[in-house]
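This briefing goes through one protein chain by topic.

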Amino acid sequence: MKPFQVKNNVTWVGKTDWELRKFHGEEYSTHKGTTYNSYLIREKKTVLIDTVWQPFAREFVENLKQVIPLEKIDAVIANHAEVDHSGALPELMRHIPDRPVYCTANGVKSLKGHYHADWDFHVVKTGDRLPVGDKELIFIEAQMLHWPDSMMTYLTGDNIVFSNDAFGQHYATESLFNDLADQAELSTECLKYYANILTPFSKLVAKKIQEVVSLNVPIDMICPSHGVIWRDNPLQIVEKYTKWAGDYRENQATLVYDSMWQGTRIMAEAIANGIREADPQVTVKLFNISHSDKNDVMAEVFKSKLVVFGSPTINRGILSAMAGFLEELRGLGFKGKKAAVFGSYGWSGESVSMMKGMLEAAGWPVYPEMLKVLWNPDAEGIRLSREFGRKIAKDAA
Ligand code: FEO
């Protein structure tokens, strides 16, 4: 995508990565690609906010040269040192080595750690200002949203918040303005991003939103570092974050299971029927975690009030896809949901108690009864599973 005007003297100079399918190594699926948003502000002073991921460093710098001679850049703002935003800094700074780099104290540690460079770092804190002519940049630390070094930058006059990762999405689109995007896709990607990246920091999200609101500054645009720019009703994404940060749940029950010889799958379907019988209004979704995208399933778990986990017993434990999913779930720290566990077994049958223990260690309330069915469920096993579904649905209602 070519550079385009965001507002007045602010230009997008980032990179749209249509090909990306995995982010954070193999940790996060990006079905719709992503963008690395970098912004050039040309007032009396010229300032660049963030760069792009390292594989695109040369392309980024070459494209930037088409927009402005690099020596005209007066300062660089590094809102966040993670390599998807700082990866092109070494290539850029090779051309302008004496330009100041504004970031938080943790940003200095992180940038030095990544690149072993000693650029002219200027440490900033919340409320610090950098005049760029008639307008000013105001820095707002955003520690743990989502890294210790994260910050946001506000441009007075244009009333733009450059929010870095917060309010972003991994979403490549032809036009990077929120009102021009496919609204269903945008909504899905925003929620998935929040659920998989930001939920561990929900309390801080709520606090930071309050802090920014209390500054009482006008906000005409929110420019994150991934995905669309919020220009149409920009506070809509702030309102969504406020909702999501508050132990979010919809009227949904999600069954996440794995199965070796179909016994646990048959139980899952019978439990789902029991849930529907007890709570006809609830949306019920089933996922075999071995066959499903874990980040998409995590977004469904985030939306749920009840999550039911199933695994047969293998080697006195649980299947590996379920073990990995539960480990990820532990780290995300979802709140305000109820869980239940089930599984088929042939010999020792430890899977249910193991899942219950892992969930409780992660802070989840787990329904006290654990449903185990020996071998492949017969009519009685299916009846017990339906009954279990009715009981856990009533408990979660
Ligand atoms: Fe988009 Fe935390 O990097």
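A residue counts as buried when its relative accessible area is under 20%, as exposed when that area is over 50%, and as partly exposed in between. The model discussed here is predicted. By the cut-off of under 20%, Arg99 is buried because its relative accessible area is 16%.

**Arg99 and its contacts**
- Arg99 sits in the loop that runs between α3 (89-95) and β10 (100-103).
- The side chain of Arg99 comes to 2.5 Å from the backbone oxygen of Glu71.
- Arg99 also makes a polar contact of 2.7 Å with Asp98, side chain to side chain.

**The chain as a whole**
- The chain has 397 residues, and 57% of them are buried.
- Its secondary structure consists of twelve helices and 21 strands.
- Along the principal axes, the C-alpha atoms occupy a box of roughly 80 × 40 × 35 Å.

**A five-stranded sheet**
- An open sheet with mixed pairing is built from five strands, in the order β12-β13-β14-β15-β16.
- Its edges are β12 (129-131) and β16 (221-224), each of which pairs on one side only.
- From one strand to the next, the twist averages 20 degrees.
- Strand β12 runs antiparallel to β13 (residues 136-141), and three bridges join the two.
- Leu130 stands opposite Leu137, a residue of β13.

**Phe342**
- Phe342 belongs to strand β20, which covers residues 338-345.
- Phe342 has a relative accessibility of 0%, so this residue counts as buried.
- Between Phe342 and Thr283 there are 59 residues in sequence and 20 Å in space, taken from C-alpha to C-alpha.

**A nonpolar surface patch**
- A nonpolar patch on the surface is formed by Trp347, Leu374 and Trp375.
- Together these three residues have about 430 Å² of accessible area.
- Trp375 is placed in the loop between β21 (371-374) and α12 (379-396).

**Accessibility at the single sites**

Notes: Residues numbered from 1 in each chain as written. Predicted model: local features only at pLDDT ≥ 70, side-chain atom pairs only at ≥ 80, totals over all residues. Heavy atoms only, no water. Patch = residues over 30% accessible without salt bridge, like charges linked within 9 Å, V, L, I, M, F, W, Y side chains within 5 Å. Areas by Shrake-Rupley, 256 points an atom, 1.4 Å probe, with all protein chains shown as cover. Salt bridge = Lys/Arg side-chain N within 4 Å of Asp/Glu carboxyl O. Helix = DSSP H or I, 4+ residues; strand = E, 2+ residues; numbered from the N terminus. Pairing = 2+ DSSP bridges. Axes fitted to C-alpha atoms, helices over the stretch in contact; angles between N-to-C directions. Buried < 20%, exposed > 50% of the residue type's maximum accessible area, 1.4 Å probe, protein only. Polar contact = N/O pair within 3.5 Å; in protein donor to acceptor, adjacent residues only side chain to side chain.
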